[in-house]
Amino acid sequence: MPRWGMVIDLDKCFACQSCTAACRMENNTPIAGPDQAILGRAILWNEVLPFLEGEYPLVHATMIPRPCMHCDNPPCTAVCPVRATYKNEEGIVVVDYQRCIGCRMCTVACPYAIRYFNWFPPEWPQALKQHLNPDPEVAPRPKGVVEKCTFCIQRLHRAREKAAAEGRTFQATDYMPACVQTCTGHARYFGDLDDPNSLVSKLSHSPRAFRLLEELGTEPKVYYLKQG
Amino acid sequence: MHPENKHEKLILKPIHRPTTSDRILWFILGGIFLLGLSAWVRQYVIGLGVTGLNRPVYWGVYITNFVFFIGLAHSGTFISAILRIAGQGWRKPLTRAAEAITLFSLPFGVASILADMGRPERVFNIIFFGRYQSPILWDFTAVGLYFLSSIVFFYLSLLPDIALCRDRLTNAPDWQRRMYEILALGWQGHPEQFHRLEKVLDGMAIFMTMLVVTVHTVVSWMFGMTLQPGWHTALIGPFFLLGAILSGTAAVVIALAILRKVYKLEEVLHIGLFNSIRKLLITFTLGWIYMMIAEHLTIGYGNMKEEMVVLLDKFTGTYATIFWSMALLVFGLPVLILIFKAKNNIGWMVTASILINIGMWLERYIVIIPSEVSPRLLPVMGQGIYLPTATEWLITAAWFAGMFLLYTTFTRFFPIIPIWETAEHLPEIEPEGARVAQTAPTGD
Amino acid sequence: MDNHQAENQTPGNHLTRRDFVKIGATAAAIGAAAMALKPTVGAPAASALSEQVTRPEETLVKTTCALCPSGCGLDVRVVNGRAVKVEGNPLHPLNQGVCCLRAQASLEILYSPERLAHPRIQMGRRGSGDWKEVSWDEALALVVQKLSDLRKNGQAHTLALVHGETRGQMRSLIHRFMQAYGSPNVIGRESLADQVARQAMFLTQGINGLPVYDLNNASYVMCFGGNLLETNRNVIVHLGAVAFMRRGRPQRGKLVSVHPRLNLTGIKADEWVPVRPGTYGALALGMANVIINSKLYDEKFVRDFTFGFEDFTDVNGNLHQGFKNLVLEQYTLERVSKITGAPTETIARLAGEFATNRPAVAIMPNEIAELNSGNSLYTAMAIHALNALVGSIDVQGGVLVQRFPDLEQWPDYTPDDAAVQGLSQPRIDGAGSAQYPLAISIYQNLPDALLSGEPYPLNALMLLNTNPVLDLPQNGRMVAALEKVPFIVSIASTLDATAALADVVLPSATFLEVWGDDFMEGVGYAGVSLRRPVVELVQDNRNPADILLQVAAQLGGSLEQALPWSDYQTLFRQRLSATPLDWEKVESNGFWAEMVYFYAQPGSPAWANIVGRDRLNAPKDGRFDFYSRELAAILSNDTMNDLDCLPHFVLPEALEEVVHEAQEYPFLLISQSLITQTQSWQGTIPTLQECLGLQGNVKWRSWVEINPKAAEALGLHDGDVVWVESHIDRIQATVRVYPGIWPNVVFMPLGMGRHTMTKWGRNAPEQMIVGSNPNRLVDIRSEPLSGQAIIGPARVKIYKA
Amino acid sequence: MDISSLVYAFFNTPGVGGAVILTIFTGACLIYVYLTRWILRGGRK
């Protein structure tokens, strides 16, 4: 089974947030609206986080686009009391919205704070509902459950079905999440980390490669290449 | 036969038909409780958005209440079980009052968890799909077992007194007498029964002590097992345990003082009792400050970046006022009051205990919220803000009101002071029986 | 999960068989109850669902985006007739399979609840809001009747058409319509944005077009002001190019951003050079000084293919100062450092790096509200002069000239006398007049022209996808000006601030529902992108181009002759027939492009298309003008001196340290639009309100970035709500303490302050104004010669709300 | 089969935790019921 991973080259990422918008459109994450956004409840699975250091004029800012790390040793799935979130056989950490009891221990356990909670049932003005992605895997989540980036697992299923329909074996290159496809700086690479000659695994061993909070031992599968 | 106890009439006096003041009190407490319940139903229908919780502050006042109520639950076990093992006779009059706090705060601890859950109707998933790797399952087991054990422990030690009420309170309304009849399980007060009861209670006391230590460490491991800065420390177990014992004992003091005042039980709950508890309270407060210093010194000295963000947020940042007022409330004032003012002065003792408990609630708040506000990866510009909303305060008030309601109704129907334990001597064997019954181990 | 009963050893040994049975029974009962509940609760997880999923049929429709000037090719996934996802068209040369967040969120425009369903006519007082929804025929009949009355009694010139961004041939269609109608008043929004870049190219290089920067091959890129990687005209092309420049080839190029604020370009650049706002021209001339002093400039190119570098004597004998002496005398390092605030060593180093890392490109900002400090024309000329100094004109990695597909000529027609008489009148916005000879249109003069009635009062105003009330509040003068116009028609998708004051609103369809064409820009070679309807019309709207054609048809006369086409698609297909493209390929790929750009050798015959192609009065000798002969010809009167024709620096009026004003309004407010803002949709896009990038924590609101020291001095903290007040108005914003900004400069994002009538959140208000509009703080005036808007650093003060 | 996968299975598979809890609770109830009956039988022949 492939072990899906991603590499983001910060030298080519221009923090344009197209990944954030693409992720929302592909996965039907709800609009928070002005009153909920102020409370910090906007659900954006793939946010671009600004990290600022330094005093004027020697200021250095790093803009980190942050999907779920899909750790190989995820602290979030360990603490789930009902196995509502687990790492599937392809290394993607998914959430089972029918079983999640909303205790939110996984949201607190994740050091990257990438898990979001549905405080209210998802709401769109009536007209906007027409643009929702019809794939069953991304039906809007009910209130009271946790949701997170799933590396667009519905695209993986679609790619597998398409390969099967066309009678060829599924290749790792048939599938990429929406954020990788729309990255304006072509900064995101995606593929099977276990396949030695895949671009992703080569880049993950590049001298510029680093991972967020590597010291915590969660083994994140999203590598970043240093800017500059 | 029943044990002779000179204070029997005094102890049984509170058990009478509920007066108008009772009804008013129950009405008020019941009202607050129902209000909180309706707020919870509204929250369930609309969604957890009505609370102030957000990202990254996912746990707030509800979880603080949960830890606080489980902390209160330590009072009963500590006073009755540990002191029973230690053979401290002076504890006898206050055991039932203390165990009652345990019994009536535990359900509201569990209720706080239910109020915090996103999908409470799926709580049975924990049984069907429970995974033992999750600290929540440890919690569920430990708190569940502790709740079960404390019910049984409480009921067993109540058995002889129910039988006494069955026989003495002939003028009680017949439904109440029928209740005594059923609950007494046919207890005749046979010395052999008393002997076996003492043996069982001693056995359970040991089990309960071990259990209470696990319960609160397991509750703290719900935080300790995550990688959040400020939570992921080995000391969080003992820290919470000592905090719980301190807040439990303080709660017992408050309860006893109120009972003493309302039911005029001065002879039974004499000053000496409070003086010995005062010694305990001082040791626990010092123990608690030791834990605080140990934790914050280690974190501060270690000076790791993300830990320092949380620490400075507590010391000088947005939570400085709460933190320092909490330190003052739990340690600063109470220790001074207890040492200098509280000797033979129940009034001061109660103020110290009230301060301790308010401080302990804030202490749980201060342990939970600042760590969540600045998680490891969220940039400073993304930090969370958390302002509890009316729903959360309403449900908190309701759970406290519920606890007081249970406590007051209990004192109206059952003797709050254990008559058989504080009796001069238990019923002897009848003369024709050959065997000689030793007196119950009531060594002082 | 077999719920086997652990064999528990109860104390005491005489447990009777009956007890054992009872215990077993209770355990089993509990187990059974538990099992019964399970199936109802634990259904399989959605995201683990993979086996038997029935997928509805879906298609990928290729179209072209219209939300920013780039015009990327899009693939839109349509399922059961509903557009559900927008992606980049992998074949399209501009964006190569990617697209920005506006395109991603464009479905929130297509299906926006704010869209107008039917045409509507204002029944009561303007702005009262009691509209009557009418059919298209009725609305068009009213418009045609009003417009034909004007033409009948010789008032054709009193109609003005104000338009926002136009794509492909829409612009020439508008001009043709108005010429055929007989009014010179076609006013675009360029004077707020990139008109000055076009004028600088015209005055120096003789090309009436915007510069194209070949960043793929550049090795040193210097952005003077602007926000190359966020809101440049062709942001997608530049994002891909800078990414290639950095990691796509072995030799990594350097990107430098010169701006008072550390914007996204600055963050991602290799170096950020903070300067005082509006002093980019001085920095460019300071760098020119160092380059010339140390003889690092491309001598051969400067000697043979430029004019006015050295001093020269003109035909009637008097001596003129050249660019070299001007720069050496007046723009010494110390003076420039004092003006810009950048240290002298930095300026010298930047100049050295710029000159020695060829090909180097100096980018003049050509997006909204960046070069608007009152000295924008000469600043743009100074920046472009740097490119000539290092010989980057039309070289690989330098500044190219955009080629457009050759179009079939408009069929000629005989204008009727009403048209002829109207066209002879002067324009109301003063573009092309003696005061603003270079301007094509001056958007910000509209309110004053309407109020003053000079040179003549307007009788009808047609608005096409633009919102002057938001762009030019002018302290309320815009709204007052609109009252002066008897008849206003607004062609808009939503009821924005200006449409609310119109008499007739004709709803215009969004770009995902119309046929259209797009000329490729920012890549040099010519290309056409096809825009086609992705789904049926969501609302009863029409393509604005079709609206104009139908009005023209109903007006008859020279209009019917000039625009005989029934709809826009036939028009642009016929006009494009002169280009060698076959339509099946265009429809399957979504575009046609030459794909190759041929660089011209200086002096070769092709060079005539690079330098001097569009010169009117200056000689087309293929020489780049440091000393603009075009400008000299235009200004040829006695008062003109050499300085007027040379790039020089004028300190913006806001920066002059007028003591009284500096004390009362200590801060300089600069504003720039964000990547989440689009000019062609006046409504609210919820997703983009929640991805505000650098200040990601401030959503659905405006913020003001303040330097930490300044914030400390005022006692302000992150998240405080403050008033930002200038001498004419004040607006509210949330404070963001941001170290990456010039000490006394504050920043507010543009494009906020729009009114929305939709309830966007659970307890969101029924209607609200999203953020606040910084343009309300400025009384926008026009710069002489170029007519560019002076929005520039506005003096403001900030205090707690 | 080796111990580590057994332990991993015990802690990880859903349902096992629930079974453990039920066993513990029913076990405790049984013990307590028995103890109470044992106490009440005291003194009766």
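Residues are numbered from 1 along each chain as its sequence is written, while chains are lettered from A and ligands numbered from 1 in the order in which they are written. As the model is predicted, local features need pLDDT of at least 70 and side-chain atom pairs count only at pLDDT 80 or more, whereas totals for chains, interfaces and linings use all residues.

Let's start where chains A and B meet. Chain A brings 38 residues to the contact and chain B brings 38 residues (two residues are in contact if their C-beta atoms, placed from the backbone, lie within 7 Å). On the chain A side, β2 (47-53), α3 (75-79), α4 (105-109) and β6 (116-117) each supply at least two residues; helices (H or I, at least four residues) and strands (E, at least two) are DSSP runs, numbered from the N terminus. The largest share, 4 residues, comes from α4(A).

Now turn to chain C and its strand β21 (residues 527-531). Here 5 of the 5 residues are buried, so the strand is largely enclosed by the rest of the structure (buried means that 20 or more other C-beta atoms, placed from the backbone, lie within 10 Å of the residue's own). In a regular strand, side chains alternate between the two faces of the sheet. In β21(C), C:G527, C:S529 and C:R531 lie on one side and C:V528 and C:L530 on the other, and both faces are covered.

What about its neighbours? Strand β20 (residues 516-519) of chain C pairs with β21(C) in the antiparallel sense over 4 bridges (strands pair if DSSP finds at least two bridges between them), and C:G516 has C:R531 as its bridge partner. Strand β22 (residues 591-593) of chain C also runs antiparallel to β21(C), joined by 3 bridges, with C:S529 opposite C:F591.

Conventions: A residue is buried if 20 or more other C-beta atoms lie within 10 Å of its own, exposed if 12 or fewer, and partly exposed in between; C-beta atoms are placed from the backbone.
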